[in-house]
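Visitor: I am new to this structure and would like to learn how to read its charged side chains. Could you take me through them slowly?

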Amino acid sequence: MNQNVGTFVLAVWLTLWGSSVGQSTVAASAGPTTCHTGDRLAVYRGVLHTYWTRELFPKHFPDWRPPAQWTITIGRTHSPHWRLFREGQLALPGVKQFAETGKSDVLTDSLDEGVFDAFTLPAIGSGSGRSEGKFFVDSNHSVVSLLTRIVPSPDWFIGIDSFSLCSGDTWIDSVTVEMNPMDAGTDNGFTFTAPNWPTEPQGVIYRITARYPAHPAGSFFYPQSARLPPIGTFQFIKMKEYELSEVFNHEEDDRKYETLAVAKTHLKSERSHVEMNNELSANIERERQYEVSPLPSIITERDRIRARLLARLNPNINNSNDSVSTVIPKNDKKALLSNIIDSYSTATPSRARNRARPRRDCRVSHWTDWSACSQTCGIGEMHRRRHVLKPARRGGRPCPPLLESKWCGSARDCAAAEDYFKW
């Protein structure tokens, strides 16, 4: 097919693509967003479709040594702060190696704390084909990046940079992302079969378009076209959601009930003390009134009533109506106050006296180390614990949770990932 026919087919394809597919796709590089899904995890199926055909890309289309094809797809789910590659920045050593040779050992060795799951999709042995795989994301690692090398090429690949699968507080059900060829900036070749010609110094990663680089020998140089048709798309399909099991602190709940019971006891005791203080105040007032009258020479009925009142305040006092020893002379203030204080001290429960002690907050130990992952293949849980050193007392701050859990593991730890995903 000559170049004019190829151009006509390309124009027709762009028209059809724009009307039937383009409206359901998004750009290949979407900025990461904050996910608010809580302690939830989702499993996605990723489907790579490639459209590298002679009809769509007729210029320099490789038929042999080697023919048009694709390597495996390297993917990572990660936090918004981690990156696999970034347009306009230098390619990291692992990306440089993969874009030039298709080898991924440096990428595999460079996994760090920002990565949640590492996954691969099988290679595609022709320019047009399909490949798929599954991977995990969670609320802290809801961003996906991936890349696939174009074979043959100097250092070209297609990829997705930090695409978030979380929208607000929900996981995206399904979305298709368009991909265009990228140059890793590490090789100077312009054609698919160009020899190895390293870029010195290394350049930044950039997007290859129909008009850039503006070199007539460029295999993707189609200056008569406004844009290249997507050479590949990647579809994200949500398969399943999980939720991290909740951990309840039963010891803390029991302490809450105990604190409530103690508070009710304190309230009842306090009401009793108020009534007792009111009665003592009334008795003191009566004694002051009696001070103005002369000291009686004999025990009167009023003295007996006064003695019985004091006996009620102090059970240790003999309650006999005829006992003169229980009567306090009206003019002896010191004896009267001493008797009242003794009565109050004897009648006041020990719990009421303890009420004046300061409250004590709960004290807990430091966290233990995280336990081993509960799963050796796939996603499991890790736990850490702490114990109570001193429980809360007298309304102090209750103990915080004593157990924490987090996700661990990934599909990359499975010897046979396909068997794992067969629920």
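Guide: Let us begin with the term itself: a salt bridge is a side-chain nitrogen of Lys or Arg within 4 Å of a carboxyl oxygen of Asp or Glu. Please keep in mind that what you see is a predicted model. The general idea is that side chains of opposite charge can pair when their charged atoms come close. In this chain the count by that rule comes to 13 salt bridges.

Visitor: Which residues are linked in a network of salt bridges?

Guide: Arg-40, Asp-173, Lys-238 and Glu-241 are linked in this way.

Visitor: What does the salt bridge of Glu-178 with Arg-227 tie together?

Guide: The closest N and O atoms of Glu-178 and Arg-227 are 3.6 Å apart. Because Glu-178 lies in strand β10 (residues 174–179) and Arg-227 in the loop between β12 (206–207) and β13, the pair ties together parts that are 49 residues apart in sequence. Glu-178 counts as buried at 14% relative accessibility, whereas Arg-227, at 36%, counts as partly exposed.

Visitor: How should I read a charged residue such as Asp-138, and which side chain of opposite charge is nearest to it?

Guide: Asp-138, which has its place in strand β5 (residues 128–138), is buried yet has no salt bridge, and the nearest side chain of opposite charge, that of Lys-406, is 9.9 Å away. The side chain of Asp-138 does reach the backbone nitrogen of His-141, at 2.7 Å. Leaving aside neighbours within four places in sequence, Asp-138 is in contact with Arg-40, Leu-41, Phe-116, Trp-171 and Trp-407, and Arg-40 is also a member of the network described above.

Visitor: How many helices and strands does the chain have, to set these residues in context?

Guide: The secondary structure comes to eight helices and 17 strands, and 41% of the 423 residues count as buried. Among contacts between residues at least 6 apart in sequence, 74% join residues at least 24 apart.

Definitions and conventions: Residues are numbered from 1 along each chain as its sequence is written. This is a predicted model: local features need pLDDT of at least 70, side-chain atom pairs count only at pLDDT 80 or more; totals for chains, interfaces and linings use all residues. Side-chain values use heavy atoms; hydrogens and water are left out. Helices (H or I, at least four residues) and strands (E, at least two) are DSSP runs, numbered from the N terminus. Buried means under 20% relative accessible area, exposed over 50%, partly exposed in between (1.4 Å probe, protein chains only). Lys and Arg count as positive and Asp and Glu as negative; His and the chain ends are not counted. A polar contact is a pair of N or O atoms within 3.5 Å; within protein, one must be able to donate a hydrogen and the other to accept it, and residues adjacent in sequence count only if both atoms are side-chain atoms. Contact means heavy atoms within 4.5 Å.
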